[in-house]
Amino acid sequence: MEVSAGHGHAGLMEESPYGIPSGKLAMWCFVLSDAVTFSAVLFAYGYLRVGSPDWSTPFVFVPSILNGLVMTFVLLTSGLTMLAAVEAAKAGRTAAGTRWLWATCVLGALFAAMHLMEWRHMIEEGWRLFQNPLGGAVQFGAAFFSVTGLHLLHVVGGVVALAIMALGLRSGKYNRIDVEITGIYWHFVDLVWMFVFPLIYLMNAK
Amino acid sequence: MSEATAHAAGHQHTAPTGFMRKYIFSVDHKVIGLQYYGLGLVAVLIGMVLSWLMRLHLGWSTLAIPGLEKLSPAGAPGNVMTPEYYLSLMTMHGTIMVFFVLTNAPFSGFGNYFLPIQVGAADMAFPRMNMMSFWVTLTSFLVLMAAFFVPGGPPLSGWTAYAPLSAVGQAAGPGQGLGQSLWGLSIAIFCVGQLLGSLNFIATTLDLRTKGMSLARLPFSTWAWFITSVIGLMAFAVLLPACILLILDRTAGTSFFIPAGLVINDQLQPHAGGSPLLWQHLFWFFGHPEVYIAILPAIGIVSHILPAFMRKPLLGPRVLVGCIASIGFLSYMVWGHHMFVSGMNPFSAILFSVPTLVITIPATIATLLWIGSVYGARIRFTTASLFCLGFVSVFISGGISGFFLAQPSIDTYLHATYFVVAHFHFVMGVAAIFAIFAGTYFWMPKMVGRMMNETLGKIHFWLTFVGVYCIFMPMHYLGLAGNVRRYAAFTDDFLAPLIPVHQFITIAALVTGAAQLIFVFNLIWSRFRGPKASDNPWEATSLEWSTATPPPFDNFGGKQLVVHQEAYLYGVEGASADYIMQTSPETVKTS
């Protein structure tokens with residue numbers, strides 16, 4: 001039996017108090033939840049750092065901080081291209097929207113690649129989740145890899161989402177609202193890095 | 001925002017026909033609600049049997065329990081449980097009850113079934129994500145159950161999994177190996193399921209309300225589910241990374257929660273620099289809001305059901321919603337009251353004590369609103385209304401001991417005694433369970449189309465009501481007498497005289513537990529043999545009573561309801577009946 005969905009008609013519904021699509025609302029709620037998750041991990045890092053008498057501050061300007069600055073630049077730029085993608089999708093310029101999404105996706109992948117190189121560099125120096133080559137608190141490696149690892153997971157997830165979105169926008173499977181929802185997530189990943197970079201890198205500069 | 005709603009309604013509303021799509025992998029929120037409820041029922045039966053085993057051991061510590069050795073040869077040689085196995089059963093009892101009963105049934109179970117109907121929607125905002133949330137939760141349950149069958153058995157560290165006991169691994173005892181890892185994994189998965197569920201609840205409440213269903217007209221139950229979702233969104237978000245860090249400590253060699261120089265079983269642990277208190281902070285930042293995740297839906301359900309049987313609205317409906325919201329808000333500021341004796345700075349105890357006492361204000365206002373509303377009402381004494389009144393009773397009994405425990409100086413003595421056990425079982429456990437019972441007797445006719453037996457229901461209520469007081473009231477006395485919790489036996493000199501009290505509690509627990517079989521029988525028997533339920537058997541006003549019994553696949557048979565009234569118009573003078581349904585356009589002149 002075919003039953004028609006009653007609630008598709010705006011006149012028969014109460015208006016959403018925020019006037020945004022449900023998908024967007026859910027993404028905002030997810031961002032709120034995810035922000036709390038990052039706060040918890042950063043709190044754990046701060047708690048252990050404050051409680052530790054021999055915390056290591058290993059980062060020198062070249063290569064670690066410089067690399068981090070370039071990564072920050074790349075991620076911030078990807079925020080800009082994401083903005084352009086959302087604007088293009090809103091204006092109905094699907095081809096341009098797709099191009100900007102791919103640009104964002106590539107920048108995100110570049111960020112992830114640079115981050116993994118940074119990881120490799122640190123692992124080669126002897127840093128592990130449970131090991132500090134400088135002989136200080138072992139929590140440095142644990143905090144560094146788990147905080148940046150959590151962020152890296154979000155970036156990789158975002159890169160995959162951006163690729164799917166770029167393909168779907170082109171084929172018509174996704175619309176401008178889906179691009180906007182992806183944008184909310186991507187800007188959040190961007191914003192979190194603005195906390196991770198100073199707290200993990202700059203505060204641990206030599 | 002036509003586009004907004006069109007997007008929200010972007011799923012098909014064609015009833016599926018195959019058995020799998022209809023009952024197993026269903027996207028229908030009603031089936032998912034029943035699945036959550038069923039999972040809760042299975043979990044509560046397991047949890048209850050575990051509590052029987054524990055109680056038997058506490059009363060008669062040398063008693064052989066037939067068959068126990070089969071379940072765990074190492075944990076119960078000769079059918080007598082070891083102290084370690086007692087702790088395993090306690091851990092599983094707590095974890096099962098808190099996560100899979102008190103969170104699942106009143107919030108995810110009833111919430112899934114009735115939240116969309118009460119707002120007048122055809123389904124949740126994201127039906128497929130809704131289905132996923134149940135299957136994630138079921139996976140989490142199965143992972144936890146697997147701990148019974150792995151070498152070493154279930155973990156020993158309690159539902160709070162305090163580090164370093166939970167973090168160091170096998171060296172800390174049987175069950176601290178694979179069993180504890182499964183615990184961490186299970187809870188991490190559970191957090192994901194709750195996150196998905198919460199997103200759905202929030203979006204549905206805000207975006208899918210039918211014409212006329214303003215926020216002020218939402219039933220209390222919907223308000224409570226909505227506020228609980230917001231709490232859950234942030235609380236489980238902390239438990240998830242905490243569990244992952246715990247698993248890292250256990251498997252990847254990190255030392256987040258393990259201090260230096262820890263010697264266990266004469267072995268120096270290869271960890272340094274971590275903080276056991278960090279786990280407590282992270283856990284209780286989740287754990288205290290979790291208490292309200294269990295009790296706020298219960299408050300909402302009871303406030304929803306009571307007016308239907310008092311035949312008059314609750315006093316101060318907006319005040320009550322304000323109370324629920326402020327309890328939710330304050331729940332994030334009090335986690336440290338679980339840590340008064342943890343070694344945390346004693347000055348910060350004051351910081352956590354004050355907001356804890358402040359929480360009692362909205363809780364007390366809500367209680368006074370219920371009592372004030374009941375006063376002078378001509379109550380229809382059905383089983384559902386009895387359980388609502390029982391809820392108010394146990395909520396008060398459990399709440400009063402909270403005043404004591406909220407004060408650091410008193411808690412220093414009472415911490416980790418049976419006084420605390422009595423407190424949280426009354427106010428969180430029994431109160432929420434009573435609300436689940438009230439909800440079951442009230443809503444089951446709508447859910448399965450048949451009335452439950454009232455005589456059996458009333459016998460069930462009175463046995464349970466008297467039973468829980470016999471179980472938990474003496475525990476206050478035990479706690480004041482210095483009886484610490486989490487001991488497997490009390491053969492020690494100063495606790496030995498208290499053993500008869502424990503034996504009394506054990507007998508009470510067995511009888512009360514057996515009384516629950518009446519409920520299970522009633523549930524199953526009524527499902528097939530109960531008299532057919534009409535569309536509105538309780539003469540109630542909210543939207544779930546405006547549709548067929550049981551509701552069709554899209555809830556309202558293709559109709560889009562229009563809401564004209566607030567939620568609880570009972571005992572209206574000058575109306576055509578003594579109540580006005582939310583969908584009725586009837587207007588009555590008020591003088």
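Predicted model: local features only at pLDDT ≥ 70, side-chain atom pairs only at ≥ 80, totals over all residues.
Local features are described where pLDDT is at least 70, side-chain atom pairs count only at pLDDT 80 or more, and totals for chains, interfaces and linings use all residues. Residues are numbered from 1 along each chain as its sequence is written, while chains are lettered from A and ligands numbered from 1 in the order in which they are written.

**View 1. Chain B as a whole.** Welcome to chain B, which has 16 helices and four strands. Here helices (H or I, at least four residues) and strands (E, at least two) are DSSP runs, numbered from the N terminus. The radius of gyration of chain B is 24 Å, close to the 25 Å of the globule rule for 591 residues, so chain B is as compact as a globular protein of that length. That radius is taken over C-alpha atoms, and the rule is 2.2 Å times the number of residues to the power 0.38. Along the principal axes, the C-alpha atoms of chain B fill a box of roughly 80 × 50 × 50 Å. Of the 591 residues in chain B, 56% are buried. A residue is buried if 20 or more other C-beta atoms lie within 10 Å of its own, exposed if 12 or fewer, and partly exposed in between, with C-beta atoms placed from the backbone.

**View 2. Chain A as a whole.** Chain A has five helices and zero strands. Its C-alpha atoms fill a box of roughly 70 × 35 × 30 Å, taken along the principal axes. Buried residues are 42% of the 206 in chain A. Among contacts in chain A between residues at least 6 apart in sequence, 76% join residues at least 24 apart. Two residues are in contact if their C-beta atoms, placed from the backbone, lie within 7 Å.

**View 3. Where the chains meet.** For the complex, the predictor gives an ipTM of 0.94 and a pTM of 0.95.

**View 4. The largest nonpolar core.** This core has 239 residues, and Phe391(B), Ala431(B) and Ala438(B) have the most contacts inside it. A nonpolar core is a set of buried Ala, Val, Leu, Ile, Met, Phe, Trp, Tyr and Cys residues joined through C-beta atoms within 7 Å. Helix H14 (residues 418-448) of chain B gives the most to the core, with 22 residues. Beyond four places in sequence, the contacts of Phe391(B) include Ala298(B), Val302(B), Ala431(B) and Ala438(B).

**View 5. Around Thr541(B).** Look for Thr541(B) in the loop between helix H16 (499-529) and strand E3 (569-570) of chain B. Thr541(B) counts as buried because 26 C-beta neighbours lie inside 10 Å. Setting aside neighbours within four places in sequence, Thr541(B) is in contact with residues including Tyr568(B), Tyr579(B) and Gln582(B).

**View 6. Backbone details.** Most residues other than glycine have a negative phi, and most peptide bonds are trans. A cis peptide bond joins Val62(A) and Pro63(A), with omega about 10°, and Pro63(A) is found in helix H2 (residues 61-90) of chain A. Another cis peptide bond joins Thr549(B) and Pro550(B), with omega about -15°. Asn79(B), not a glycine, has a positive phi of about 70°. Asn79(B) is partly exposed, with 14 other C-beta atoms within 10 Å.

**View 7. Confidence in chain B.** pLDDT, the predictor's confidence in each residue from 0 to 100, averages 94 in chain B, where 97% of the residues score at least 70. Among the elements of chain B, helix H1 (residues 2-8) has the lowest mean pLDDT (39) and helix H15 (residues 454-480) the highest (98). Over residues 1-12 of chain B, pLDDT stays under 50.
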